[in-house]
Amino acid sequence: TGPEPATGAQTAARPMPMKRSCPFSAPEEFRALREEAPVTPVTFPDGAKGWVVSRYADVRAVLADPRFGANRRRMQTGGTAQDEAPQPPPRPGMFIMMDPPEHTRFRRLLTGQFTVRRMQKLAPAVERIVAEHLDAMAGAEGPVDLVQAFALPVPSLVICELLGVPYADREQFQETAGRLLRLDASPEEVLQTQKEMDQHIHQLAVAKRAHPTDDILSGLVQSEQLTDEEIAGVGALLLLAGHETTANMIALGTMCLLRNPGQLAALRADPDLMDGAIEELLRYLTIVQYGLRRTALEDVELDGHRIEAGATVVASLTSGNRDVTHFSGDPDALDVSRPYSPHLAFGHGVHQCIGQQLARVEMKAALSALIERFPTLRLAVPEDQVPMRDNMIVYGVHKLPVTW
Ligand code: HEM
């Protein structure tokens, strides 16, 4: 049986995920949920039951609460409910699914690899990669698909450079990552895809052991604290987490600026607004669209509801990032001059995005250069013909035809 509210009125379970009424709005229902039922029972597409938390403060509280474990169940549209099945342990190295102290062991090692020195050293490479792709775009006849021409290759090449993955392997990585992020993938497909990616990175780790270079995989090998299997898991996680997310922020961020010409003009007139604009785009678009899933490790009381041990709880970043009790003015509007207030786009708590500084460097380099280089950039198709990533864990656009 699913978890039942312990007290208060019985609320009907809502189907998850909820639908957007417009590509740039959060699902409408969240507004009422934040006010009337901030902790609410939900049913997932496979029939599994759980809870969604929608207020900014509650999202942070859940993500900081050690009673909620990170070894979450996947959201899937196919197959049968996974509710009753025991949750298998995380794969070696997949520390995004681990709790302290095991998580801490990986996180410490990785923090030592994501040093300021390495990020600074990377900045010229990021700018060069951005410039090369914009040169190629400028040399082509419009329209082009901004995703393929720019938004995807840039972060993909950057993460490959950081990890020490050879350029020639990148297409395969992109393809594999795309398969892993599809909601309708069956558990068998997911397993098979994970295996392929692990094998590939495993081979790389072995090569780095023989010939170390100045990159993260070599650093992990040289730390002598991880097995090759764990290094493969960490590498797969970084690749997966590190390029689709940033790619979608670049493409969706561009589309969002194009449909808000006043905001774009302000940004062009005053490039100093760019840092704030990046934070505002992260908040407003919240591309980790279905929120962060956690598993209750014990019975937990939340807002008068008893969440039973084993239940899935979704912390909705999308909803929390539109919470009027935290963000001043109108949180449903894009405002590149909005005074900064911490947002949830990178999560919160011990798992908060380890790549966020890198993501900021990439977004800033990409968006600044793009709007400067192409002052007449515009969509090449009507907005409603842009295919949105509604069925993907990471929101964005599948394609963005632009011209100039
Ligand atoms: C974790 C978002 C870019 C690597 C996370 C989490 C979010 C997030 C919401 C928390 C997951 C959770 O608590 O379950 C984003 C967004 C990005 C981005 C929106 C781009 C705009 C990157 C990049 C990298 C990266 C560039 C790699 C270089 C990771 C890793 C974790 C993580 C390894 C897991 C951290 C842990 O469990 O301790 N990210 N991310 N991300 N991100 Fe990112």
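**A tour from the ligand shell outward**

Select the shell around the ligand first: its residues divide into 17 nonpolar, six polar and one charged, where Ala, Val, Leu, Ile, Met, Phe, Trp, Tyr, Cys and Pro count as nonpolar, Asp, Glu, Lys and Arg as charged, and the others, Gly among them, as polar. What you have open is a predicted model, in which local features need pLDDT of at least 70 and side-chain atom pairs count only at pLDDT 80 or more, while totals for chains, interfaces and linings use all residues. Residues are numbered from 1 along each chain as its sequence is written.

Stay with the ligand, which 24 residues surround, the closest being G242, G347, H351, C353 and G355; a residue is taken as near the molecule if its C-beta atom, placed from the backbone, lies within 6 Å of it. Two elements, α10 (228–258) and α14 (356–373), are those that give two or more residues to this shell, and α10 contributes the largest share, seven residues. Helices (H or I, at least four residues) and strands (E, at least two) are DSSP runs, numbered from the N terminus.

Next, show α10 and α14 together. Their axes are 10 Å apart and the helices pack at an angle of about 30 degrees, with axes being lines fitted to C-alpha atoms, for helices over the stretch in contact, and angles running from 0 to 180 degrees between N-to-C directions. To see the contact itself, select T245, T246, M249, I250, G253 and T254 of α10 with A359, E362, M363, A366, L367 and L370 of α14; two residues are in contact if their C-beta atoms, placed from the backbone, lie within 7 Å. By class, this contact has seven nonpolar, four polar and one charged residues.

Is A125 buried, exposed or partly exposed? A125 is partly exposed, because 13 other C-beta atoms lie within 10 Å, whereas a residue is buried with 20 or more such atoms and exposed with 12 or fewer.

Now turn to the loops. The peptide bond joining P100 and P101 is cis, with omega about 5 degrees, and P101 lies in the loop between β4 (68–69) and α3 (102–113). A further cis peptide bond joins G142 and P143, with omega about -5 degrees; P143 lies in the loop between α4 and β5 (144–145).

E224, not a glycine, has a positive phi of about 55 degrees and is found in the loop between α9 (216–223) and α10; E224 is exposed, with 7 other C-beta atoms within 10 Å. T286 has a positive phi near 30 degrees and lies in the loop between α12 (274–285) and β6 (292–296), and T286 counts as buried, with 21 C-beta neighbours inside 10 Å.

Finally, zoom out to the whole chain, which has 14 helices and 11 strands. Its C-alpha atoms fill a box of roughly 65 × 55 × 35 Å, taken along the principal axes, and buried residues make up 38% of the 404 residues.
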